[in-house]
Amino acid sequence: MNPEEMNVEPKEPKDADLPQVVSDADATEADVSEADLDQEEQEKQPMTGGEERAAADASSANGEASEKNGSVNLKIPEEAKEKQKPVTFTGLTKEELLRVAGTPGWVWTRWALLVLFWLGWLGMLVGAVLIILQAPRCRDLPATSWWNNGPLYQIGNIQVFTDAHNLKGIEQKMESLSDLKIKGLVVGPIHVAPADEAANLRFEEISSEVGNLEQFKSLIQAAHKKGIFVVLDLTPNYHGSSGPWFSNISVTNVAERLKSALVFWLNDGGVDGVQLSGIERVASVVPSLWTDIRTIVQNTSISVSSRMLIGVTDRSSAEDVSKLLNSSGVDLLVSRVLRSRDMDATERAQSIQHLYSSHNQTKLAWSLGGRAEGHLASLVGPALVKLHQLLLLTLPGTPIINYGDEIGLMDEDNQFPNMLWDSDEELNGTLQEERDHRLSCRNLFRSLSELRAKERSLLFGDFVVLFNSSSSLAYLRVWDQSERYLAAFNWAEEAVLLQLSDAALPRQALVAVSTDSSVLPTDSSVDLKNLRLGPGQAVLLRFPYTG
């Protein structure tokens with residue numbers, strides 16, 4: 001490395017009369033010192049020949065020529081400069097790394113780390129397998145259809161449902177229907193059917209009193225956009241008094257004509273299913289035609305989503321309903337099992353248990369009220385509307401709701417009162433109380449319907465009766481490791497204390513839905529061994545799976 005030079009200015013002599021000899025002596029000493037330093041530098045340089053020496057001489061000559069008058073060149077040794085530089089790590093070369101890596105110590109270290117890695121990996125694998133084997137296995141979800149996933153809402157009389165008095169009016173209320181979290185609409189009958197006149201029956205023609213085919217197709221499109229399916233009631237003699245299939249003599253002819261009408265409504269009409277009343281008559285009189293009817297409706301090869309066949313019967317005995325459900329082959333059978341006025345809670349629980357134990361719950365349907373019977377509030381009384389809403393929406397099977405039952409609509413002169421659509425208009429006195437009651441019923445129905453749609457225990461969970469008496473009932477709905485639900489009811493006119501204890505029950509549970517939130521608020525905790533229900537009160541409780 002070349003030496004670094006520094007110019008140091010000598011101090012000016014203070015006495016101007018110093019002899020010139022002193023200056024000459026100083027110059028001589030400087031020259032001697034510089035010569036000594038140059039000599040030492042030359043000794044450090046490698047012997048590379050005359051060219052390098054000549055270059056050094058030339059550089060020295062140039063340096064001397066450029067020195068200022070009175071300046072001294074000082075050269076700092078190379079060792080001092082090297083000490084001032086920061087130390088940098090250059091690492092090992094490839095050859096040096098290979099030599100070190102091949103030593104026995106590093107070889108054994110690598111093998112030890114490799115063995116430890118694989119032992120750790122195998123240990124984690126074995127642990128994961130053991131966890132999977134010891135963990136409780138999830139139950140396979142049952143095969144269900146769209147009608148098992150939510151309530152069906154029946155509008156038996158189109159003209160009384162809205163002020164429009166036609167199918168267009170139902171379409172205009174689709175947002176309100178969707179808000180109820182229903183899964184299907186059962187519409188009609190709407191075909192031309194003069195009372196007790198089989199000869200003038202026209203299945204494929206819509207009565208002009210309720211609308212036309214264009215309105216019906218528009219209704220179906222609006223419903224499908226909301227995720228709601230549409231079932232058409234094609235009961236032949238729905239206005240007459242001689243029975244839903246007219247007389248026994250006409251059953252064969254009517255059933256044969258119905259077959260072609262089914263093809264029309266399922267294909268051209270776009271309906272998702274068909275409902276027929278009095279199925280026991282046609283199934284027993286012309287079983288071959290009934291088989292054809294079933295095949296046409298339930299043939300899913302022509303549709304992406306399955307199509308349903310709903311049967312309606314007047315039978316109320318659980319044994320009779322069970323037999324008809326087996327013989328008819330319908331997807332759902334609407335019966336009067338829950339409609340008997342003389343039935344107490346014990347008999348009701350026995351009927352439910354009989355049907356549940358005899359059939360897959362995807363085949364069960366529960367209904368209170370209808371075209372022939374009227375509305376729920378008129379059958380059970382306004383005070384028990386909420387209790388029966390909770391019952392219908394928590395039983396194992398599909399609830400079928402008559403229009404207006406969600407608000408506690410009462411029958412008037414007939415079974416088809418005008419539907420009430422409440423507004424935000426301010427009311428006074430009794431009118432305000434009646435509207436508050438309707439809104440309260442609707443909110444309870446919506447909460448139950450929404451909860452049922454997302455909870456597996458309520459959708460297809462097991463049904464276990466915990467307690468029943470002549471006036472009270474409690475049952476459990478459970479599915480695998482999902483949250484459990486306990487429904488309790490009191491039909492009596494006085495309060496009841498239920499002391500529920502079972503191996504599957506905890507001591508405490510939380511309120512999910514209550515018919516009287518002032519007594520049992522939502523999310524409040526209750527003691528299952530001291531569950532008090534007021535007159536006509538019902539509650540749905542929840543508690544987690546604990547293994």
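Begin by selecting β13 and β14, which form a hairpin with three residues between them. Strands here are DSSP runs of E of at least two residues and helices are runs of H or I of at least four, numbered from the N terminus; two strands pair if DSSP finds at least two bridges between them. The model is predicted, so local features need pLDDT of at least 70 and side-chain atom pairs pLDDT 80 or more, while totals for chains, interfaces and linings use all residues. Residues are numbered from 1 along each chain as its sequence is written, and side-chain values use heavy atoms, with hydrogens and water left out.

β13 and β14 (residues 472-478) run antiparallel and are joined by six bridges. Select V465 to find its bridge partner in β14, Y475; F463 stands opposite R477 of β14.

**Strand β14.** Seven of the seven residues of β14 are buried (under 20% relative accessible area, with exposed over 50% and partly exposed in between, for a 1.4 Å probe and protein chains only). The strand is therefore largely enclosed by the rest of the structure. S472, A474, L476 and V478 point one way, whereas L473, Y475 and R477 point the other way.

**On to β15.** Six bridges also connect β14 with β15 in the antiparallel sense, and L473 stands opposite F489 of β15. The hairpin of these two strands has five residues between them, and D480 takes a positive phi near 45° there.

Next, display the open sheet of six strands, with antiparallel pairing and the order β13-β14-β15-β20-β17-β18. Its edge strands, β13 (462-468) and β18 (525-527), each pair on one side only.

**Helices on the sheet.** Select helix α13 (residues 345-358), which packs on the sheet and touches β13 and β14, contact meaning heavy atoms within 4.5 Å. Its direction makes about 160° with that of β13; axes are lines fitted to C-alpha atoms, for helices over the stretch in contact, and angles run from 0 to 180 degrees between N-to-C directions. Helix α15 (residues 385-392) lies across β14, β15 (484-490), β17 (508-514) and β20 (538-543), at about 145° to β15.

**The last stop.** The contact is made by A318, E319, V321 and S322 of α12 with S351, H354, L355 and S358 of α13.
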